[in-house]
2 protein chains.
Amino acid sequence: MASVQDISVSASINLLSALAFLLAFAFLRIQPFNDRVYFPKWYLEGIRASPRRSGPSVRKFVNLDFRTYIKFWNWMPAALRMPEPELIDHAGLDSAVYIRIYLLGLKIFVPIAILAFAILVPVNWTGKTLDDIKDLTYSDIDKLSISNVPSGSKRFWAHIVMAYVFTFWTCYVLYKEYKIISTKRLHFLASANRRPDQYTVLVRNVPPDPDESVSEHVEHFFCVNHPEHYLTHQIVYDANKLAKLVEKKKSLYNWYTYYQTRYERNLKNRPQTKTGFWGLWGKTVDAINYYSEEIEKTSEEEAAEREKVMSDPKSIMPAAFVSFKSRWGAAVCAQTQQTSNPTLWLTEWAPEPRDVYWDNLAIPFVELNVRRLLMTVALFFLTFFFMLPIAFVQSLASIDGIEKVLPFLKPLIEAKVIKSIIQGFLPGIALKIFLILLPTILMTMSKIEGFISLSYLDRKSASKYHLFLLVNVFFGSIITGAAFQQLHKFANQAPSEIPKTVGVAIPMKATFFITYIMVDGWAGIAAEILRLVPLIMFHLKNTFLVKTEQDREQAMDPGSINFSVSEPRIQLYFLLGLVYAPVTPILLPFIIIFFTFSFVVFRHQIINVYDQKYESGAKFWPDVHRRVIIGLIISQVLLMGSLSTRDAPKATPLILVLPVLTIWFHQICKGRFESAFVKFPLQDAMVKDTLERATEPKLNLKVYLQDAYVHPVFKGIEFERPPVIDEEENNPLVSTKRNSCRGSKTGSIGSPDSVVCITE
Amino acid sequence: MASVQDISVSASINLLSALAFLLAFAFLRIQPFNDRVYFPKWYLEGIRASPRRSGPSVRKFVNLDFRTYIKFWNWMPAALRMPEPELIDHAGLDSAVYIRIYLLGLKIFVPIAILAFAILVPVNWTGKTLDDIKDLTYSDIDKLSISNVPSGSKRFWAHIVMAYVFTFWTCYVLYKEYKIISTKRLHFLASANRRPDQYTVLVRNVPPDPDESVSEHVEHFFCVNHPEHYLTHQIVYDANKLAKLVEKKKSLYNWYTYYQTRYERNLKNRPQTKTGFWGLWGKTVDAINYYSEEIEKTSEEEAAEREKVMSDPKSIMPAAFVSFKSRWGAAVCAQTQQTSNPTLWLTEWAPEPRDVYWDNLAIPFVELNVRRLLMTVALFFLTFFFMLPIAFVQSLASIDGIEKVLPFLKPLIEAKVIKSIIQGFLPGIALKIFLILLPTILMTMSKIEGFISLSYLDRKSASKYHLFLLVNVFFGSIITGAAFQQLHKFANQAPSEIPKTVGVAIPMKATFFITYIMVDGWAGIAAEILRLVPLIMFHLKNTFLVKTEQDREQAMDPGSINFSVSEPRIQLYFLLGLVYAPVTPILLPFIIIFFTFSFVVFRHQIINVYDQKYESGAKFWPDVHRRVIIGLIISQVLLMGSLSTRDAPKATPLILVLPVLTIWFHQICKGRFESAFVKFPLQDAMVKDTLERATEPKLNLKVYLQDAYVHPVFKGIEFERPPVIDEEENNPLVSTKRNSCRGSKTGSIGSPDSVVCITE
C-alpha cells in the first residue's frame with residue numbers, strides 16, 4: 001500500500017518529466033526548422049510560408065532571437081485566445097467540440113471538488129476510525145477517505161446527500177452541454193457551405209438485375225421512386241487492389257528518391273540494395289536502376305488494373321452514391337425505407353467524400369451479420385481474457401512479488417527511493433505498455449464489422465476501447481489484487497455482492513489511481529504536445545526524401561486527434577472522478593489538473609497542428625454523453641455497495657433511486673437531443689434549398705456533384721461516365737472555380753498525384 | 001407432490017368440464033334466439049338476417065330440427081374450411097395472423113414432441129435413478145423426466161444434442177413464419193383499398209404561435225416544408241368531456257327504455273325509481289318522467305359543451321391529422337424529422353380513424369417522460385410485489401397447509417378423491433382469480449403512458465402482462481414453494497446460481513404446470529367458445545331494451561380478440577413447452593392439445609363472432625416473435641443450470657453457445673423483417689399512387705379525407721371547416737358511394753347516432 005510519501009515521489013517524478021517535456025517543446029517549437037512539425041495546420045491553411053525562403057542562412061534553422069526563449073510559456077495564453085466561433089472555422093466542429101469534453105470535465109469536477117473538500121473531507125477526517133486501528137495497510141490518504149468513518153455512523157448521511165448533489169450537478173451540466181453542442185451542430189450544418197454530402201445518399205445492397213447494369217438499375221429505381229428529386233449518381237468501383245498498387249508505387253518512389261539523394265551527395269559511391277524483403281537479403285543490385293525499373297513495372301500493372309476496374313462489370317460494386325436536386329430530396333431519401341425488403345436498397349446519408357471508407361462499401365447483409373457476431377464474440381474474449389497478463393505483471397510489480405520471484409534483488413529494492421519508484425511507477429507503466437497495442441486491434445475489428453465511414457469506424461472503436469478500459473483498467477485494477485478471474489468471480493457472486501466487493505476495494509485503490517492519473521494523464525499530455533514521433537519522422541524525410549517545396553508539404557504530417565483512443569481515456573478520468581468524489585475526494589484535484597492541462601494542450605494542438613481527416617459535425621457527442629452517464633451509474637452502484645458494507649442507515653434504497661433517475665434522465669436527453677446528431681430535419685433542408693435557389697439560381701449542381709464521390713485513386717483521371725437520361729441537363733456548364741478547387745483538395749489525402757490547391 | 005393418479009383425476013375433471021362447455025355450446029348455438037350471440041359477425045357483414053322475421057313462431061326461438069342436434073360437432077370442420085385469403089378478407093389480417101400464433105405453436109411443438117418421445121423419453125426412462133431412491137417426493141411422471149438420469153451420466157449428451165435440435169428447429173420455424181407474416185402484411189397493405197390513414201400523418205406537439213391559430217400554423221408549416229405534397233389537415237378538439245356526456249345520455253336513454261317497456265307490459269303499475277346512486281336511495285319519483293327529464297337536461301348540456309368545444313380556442317389541442325396528396329408524401333412525412341427540435345412537430349403514421357385513442361393526443365413531451373417513468377416504477381412494484389398474496393394462497397392450497405390452518409377439515413381432506421381435487425385444482429384456480437383483475441390495471445397504466453392508438457395500447461399492455469406472467473406465474477410458481485421473496489433471493493444469489501436453483505426445481509413442477517395447462521388452457525378455451533357473459537347480456541338487453549331491429553343490432557356484442565390478455569397467455573405456453581421439452585417431455589402433448597383446440601376455437605370465433613375494433617395489419621408480430629425468442633433463451637439458460645447441477649460433462653459451455661446464437665438470430669430477423677411492420681416503403685407507396693392516378697384520375701381526395709379524422713362525437717354534425725388555401729381543389733366534387741359508406745361505418749363504433757351502412 002503506497003503511502004503519502006510514495007505518492008509525492010511519484011508526483012514529483014511525473015511533474016518533472018512533464019516539465020521536461022514542456023521545456024523541450026518550448027525550445028523546439030521556436031526553432032524555424034521545426035516549424036512544419038509544430039505549425040503544420042497554418043501551412044495547410046496557406047497562411048504560413050516556409051521560413052527558409054528568405055533571411056540569413058543560420059536563422060533559417062536555429063532561432064537566435066533570445067527574447068523569444070524568455071517568453072517560452074506564451075503558447076498557453078495564445079492557445080486560449082482564439083474565440084470559439086473562429087476555432088470552429090479554423091479547425092472544424094469536431095475538434096472544437098472534442099476539446100469541450102475537457103471543458104465538460106472541468107465544469108463537472110471543479111464545483112464537485114469544492115463541495116467535497118468543504119464537506120466530505122472534514123467529515124471523513126474527523127471520523128477517526130483508522131487512528132485506532134494502527135494497521136499498516138492504511139495510509140494518510142485513507143484518513144481523508146470514507147474508510148475513516150466508523151461503521152453505522154450517521155456521518156454517512158453526508159455521503160448520501162452529496163451523492164444526490166453530485167448526480168444532479170453532473171446531470172445538469174450534461175444537459176446544458178448537450179443542448180449547447182446540439183445547437184452548435186445545427187448551426188454548423190445550417191451555415192455550412194455547399195458540400196456534396198448535403199445532396200447525396202449512399203445506397204447499398206443494390207439487388208442484381210439480369211437485364212441492367214448496376215448503374216442503369218440505380219438510375220431507373222430512383223427515377224421512378226424519387227421522380228422529382230433524383231439528379232445523378234456515381235457508381236462504386238472495387239478499387240482496393242488498385243489503391244494498393246498506387247500505395248506500392250508511392251513507396252517505391254520514396255526509396256528511389258532516397259537513393260538518388262544519397263548518390264547526388266556522394267557521386268563516387270553508387271548505392272546498392274538487395275532485392276529481398278526490406279533490402280535485407282537477396283541479390284545485390286544497383287539501387288537506383290532497380291527502383292526505377294520497379295516503378296516502371298508497377299506503373300504498368302497499375303495501368304492494367306485501372307483498365308480492368310473500369311471495363312470489367314465484376315469490379316462494379318452493388319452500391320452507389322445517389323445525388324438529389326435538393327437537400328430536401330436527399331434528406332427524404334436518407335431517412336426513409338425504399339423497398340419492402342429492408343436488406344435491399346439501403347439508404348443513408350453519404351459521409352463526406354474524404355470520410356468514406358471505400359473498402360467496406362459492398363458487404364452484403366448476411367455477411368455483415370456474421371461479421372458482427374464474430375467480432376462481438378472476439379471483443380468479449382479480448383476484453384475478458386486480455387487482463388490475465390496485466391494481472392500477472394501487476395502482481396510482480398509489488399515489492400513482495402519482486403522479492404519472491406527475484407530474491408537476489410532484495411537489498412536493492414529495500415532502498416527507500418527505489419521502493420517508492422517501483423511502487424508508484426511500475427503498475428501504471430505495465431498497464432500503459434499493454435494498452436499501446438490495443439487501438440490498432442480494435443480499429444481492425446471495427447473495419448471487419450463493415451462500417452463505411454472513417455468517423456463511424458472511430459466511434460465504434462472508441463466504444464470497444466471504452467468497454468476494454470472499463471473492464472480491464474478500472475474493474476481489473478480494483479479486483480485483480482484479490483482474484484485473477486474477475487469474470488468467473490462475478491458470475492459466481494450475487495448481483496448485490498459485486499458492488500460490495502468493488503465498493504470496499506475502491507478507497508484502498510485511490511493511491512494507485514492517483515499514480516495512474518499522473519503517469520497516463522499528465523505525462524501523456526506533455527508527451528502529446530512534444531510530438532516526438534512526427535518530429536523525428538519529419539526530419540528523416542526532410543533529409544532523405546525532400547527535394548522540392550511540394551515534397552516538403554508531403555513530408556509534413558499534421559496528424560489528427562485520435563478520437564478512438566483519446567475519448568475513452570478521457571472517459572476513464574470521468575469515471576474515476578465520479579466514483580471517487582464521494583469516497584476519496586483527494587483524487588479530484590489530480591483529475592482537475594489533468595482536464596485543465598489537456599484542455600490547453602489540445603486547444604493548442606488543434607489550432608496549430610492537427611488537420612482533421614474528416615468533419616462529422618460533432619456526431620460523437622451522444623457517445624460521450626452516454627459514457628459519462630454510464631460512469632455516473634457505476635459510481636452510484638459502487639457507492640451503494642460501499643455504504644451497505646459499512647452499515648450506513650437506509651443507504652441502499654436511498655441511493656437505488658439515483659440510477660433509476662439517471663437512466664430516466666438519459667432517456668429524456670436521448671429523446672430531446674439525439675436526433676440532432678442522427679437525422680437531418682426537413683425544415684432546415686428546405687430553408688437552405690430556398691436560400692440557395694434565390695441566391696444562385698443558375699447553379700449547375702450536376703457538374704458540381706459529378707466527381708465528388710470518385711474513389712481517390714481515380715481522381716484527376718477522365719473515365720467513362722454513365723449515360724445521362726435527363727438530356728436537358730446537358731447544357732453548357734457553368735463550372736465554378738471553387739468547385740474544381742474543392743475536388744482536388746478532397747483528393748489530396750492519400751493520393752500522391754494531386755496537387756494541393758490553396759487558391760480558393 | 002401430485003402423482004399420476006392426481007393428474008388423471010384433474011385431467012378427467014378438466015376434460016369433462018371442457019366437454020360440458022362444448023356440449024352446451026353445440027346446443028345453444030343452433031337455437032335461433034341465440035343466433036346473434038354466436039354469429040354476430042355475419043350480421044355485421046349484412047349476410048345473415050334475423051331468423052325471427054319469418055317462419056312459425058316457435059321455430060323462431062327453439063331449434064326443433066333434430067337432425068342438427070346429431071351433427072353438433074360440425075362447427076369444427078366448418079371453422080377449418082374457410083381458406084386463409086378469404087379469412088383475411090372476412091375478418092382482417094390481425095385476426096388471421098392472431099390464430100397463426102397457435103399454428104406456430106403446433107409447427108414448433110409437434111416435431112419437437114415426436115423427437116422428444118422418440119429419444120428423450122427412452123433415455124430418461126431407462127435412467128433408473130428414482131427406482132433406487134424410493135422417495136415419496138417423486139412420482140411416475142418424474143421417471144420420464146431428466147430427474148431419472150443419474151448425475152454425471154453420459155446420457156446427458158442426448159439432452160444437449162436435443163437442446164441444439166430444438167433451438168434450431170424453433171428458430172427455423174420462427175424465421176419461416178416471420179417471413180410469411182411480413183409477406184402477408186406487405187401484400188395486405190399493397191392490396192388494401194383506399195383508406196384515409198394511407199394519406200395521413202398524425203402531427204403532435206405543434207408549438208404555440210402567438211399570431212396564428214393551431215390550424216393556420218399547421219397549414220403554413222406543411223405548405224412550406226412539404227409544398228408539393230401537402231393537401232389538407234384536420235385539427236383535434238379536446239372532446240373528452242363531450243364524449244362523456246354522450247355516453248351518459250346513452251345510458252339514461254337505456255334506463256328510459258327499460259322503464260317504458262316495463263310500463264307497456266303492465267299498464268297498471270307505473271314504474272318508480274329513486275334519484276340517488278343507481279336508483280338505490282334518495283327521493284322516490286316516477287321513473288319515466290324522471291329519465292325523460294334527465295335526458296332533456298343532458299341534451300342541453302351536451303349542446304352547450306359542443307358549442308363550447310367548437311368555438312373556444314382552448315379546446316383545440318396542439319395536434320393535427322395532416323393529409324397529403326399522395327401516399328408517397330405521407331410516407332415521407334411520417335418517416336422524417338420535421339424540425340431541429342425533435343420534441344416539436346412529431347410526425348408518425350396516423351392510425352386508422354377507429355383505432356385512434358383520442359384522449360391521449362395532446363400530452364407534451366416532458367409530461368410524457370414523467371408519465372413513463374412513473375409507470376415503469378409502478379410496473380416494477382406491481383410485478384414483484386403482487387406475488388406475495390399468490391404465494392400465500394398456494395401455500396394454503398397444499399394438503400398440509402389446509403390441515404394446519406383448518407385442522408377440523410382433516411378427515412374430509414384425507415378422503416382420496418377430495419385430496420386429488422384439492423391438489424390438482426386449487427393452485428391453478430388461485431392463480432386464475434388473481435389474474436382476472438390484472439389486465440384492466442395494465443391497460444389503464446398503458447393509457448396513462450400516453451400511447452395514441454388502441455392497437456398500440458393493446459401491444460403495450462401485452463408486454464406488461466407478459467412480464468407479469470413470466471415473473472409471477474412462471475418463476476413465481478417454480479420458486480415460491482421454496483422462498484417467498486424471489487426478488488430478494490435473486491439479488492443475493494450469484495447469477496450462475498439462479499439458473500441452477502430454478503433448473504433443479506423445474507422437473508418437480510411439471511405436474512403443477514400440467515394442471516395449470518388443463519385449468520387455464522383447456523377449460524379456458526372451452527369457456528371462450530360458450531360466450532356465457534355476452535349470451536346473458538344479450539338476452540337481458542333483448543328483454544328489456546330492444547324495441548326495433550336497430551336496437552337489436554345495438555344489443556348484439558360481437559366483442560373482439562383481447563390481444564393484450566390472450567397473447568401473453570399463449571406465450572406462457574410457448575415458454576412452458578420450450579422449457580419442458582428437454583426436461584420433462586410428457587408435458588408437450590398437453591400443450592399440443594391446447595394449441596390445436598385453441599386454433600379451432602379461435603378460427604371459429606373470428607369467422608362467426610368477433611368484430612375487430614381496429615385493423616393494424618398484424619403489427620404485433622415482432623412482439624410475438626420476440627417473446628418466443630425470450631422463452632427460448634430462458635429455456636436454454638434453465639437447461640444449462642439444470643445440467644450443471646447434475647454433473648453433466650461440458651454442458652455449460654456447450655449450451656452457453658445457444659443463447660448467443662439465439663440472440664444473434666433475433667438480430668438478423670429484426671434487421672430482415674421488422675421494418676416491414678414499422679415503416680412503409682416508398683416504392684410500394686409510389687406503385688399504389690401511380691396505379692390510383694391511372695385508374696381514378698378524377699378522384700377528389702380532399703373531400704374523401706375531409707371528415708375522416710373527426711372525433712366520433714362530431715360525426716354526422718356539420719361544423720366549421722378551416723378555410724381552404726388551395727382554391728383549385730374546390731371544383732364540383734365526385735363523391736363516390738363507397739366513400740360516404742366507409743365514413744359512416746367507421747363512425748359506427750362507439751357512436752350511437754350513426755347507422756351501419758352495408759350498401760357497399
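**Figure 1. A salt bridge between two buried residues, Arg195(A) and Asp197(A).** In this predicted model, both Arg195(A) and Asp197(A) are buried. The two form a salt bridge, with 2.9 Å between the closest N and O atoms.

**Figure 2. The salt bridge between Glu305(A) and Lys241(A).** The closest N and O atoms of this pair are 3.6 Å apart. Glu305(A) is buried, with a relative accessible area of 8%, whereas Lys241(A) is exposed, at 52%.

**Figure 3. The salt bridge between Glu696(A) and Arg194(A).** Here the closest N and O atoms are 3.1 Å apart. Glu696(A) sits in the loop between α31 (682-695) and α32 (701-706) of chain A, and Arg194(A) in the loop between α10 (156-191) and α11 (196-199) of chain A, so the pair ties together parts 502 residues apart in sequence. Glu696(A) is partly exposed, at 34% relative accessibility; Arg194(A) is buried, at 10%.

**Figure 4. An open sheet of four strands in chain B.** The strand order is β2-β5-β1-β6, and the pairing is antiparallel. From one strand to the next, the twist averages 30°. Helix α12 (residues 214-225) of chain B packs on the sheet and touches β1, β2, β5 and β6 of chain B.

**Figure 5. Surroundings of Phe474(A) in the largest nonpolar core.** This core has 290 residues, and Phe474(A) and Phe474(B) have the most contacts inside it. Beyond its neighbours within four places in sequence, Phe474(A) is in contact with residues including Leu469(A), Ile506(A), Phe513(A) and Leu638(A).

How values were computed:
Residues are numbered from 1 along each chain as its sequence is written. Chains are lettered from A and ligands numbered from 1 in the order in which they are written. This is a predicted model: local features need pLDDT of at least 70, side-chain atom pairs count only at pLDDT 80 or more; totals for chains, interfaces and linings use all residues. Side-chain values use heavy atoms; hydrogens and water are left out. A nonpolar core is a set of buried Ala, Val, Leu, Ile, Met, Phe, Trp, Tyr and Cys residues joined through side-chain atoms within 4.5 Å. Buried means under 20% relative accessible area, exposed over 50%, partly exposed in between (1.4 Å probe, protein chains only). Contact means heavy atoms within 4.5 Å. Two strands pair if DSSP finds at least two bridges between them. Helices (H or I, at least four residues) and strands (E, at least two) are DSSP runs, numbered from the N terminus. Axes are lines fitted to C-alpha atoms, for helices over the stretch in contact, and angles run from 0 to 180 degrees between N-to-C directions. A salt bridge is a side-chain nitrogen of Lys or Arg within 4 Å of a carboxyl oxygen of Asp or Glu.
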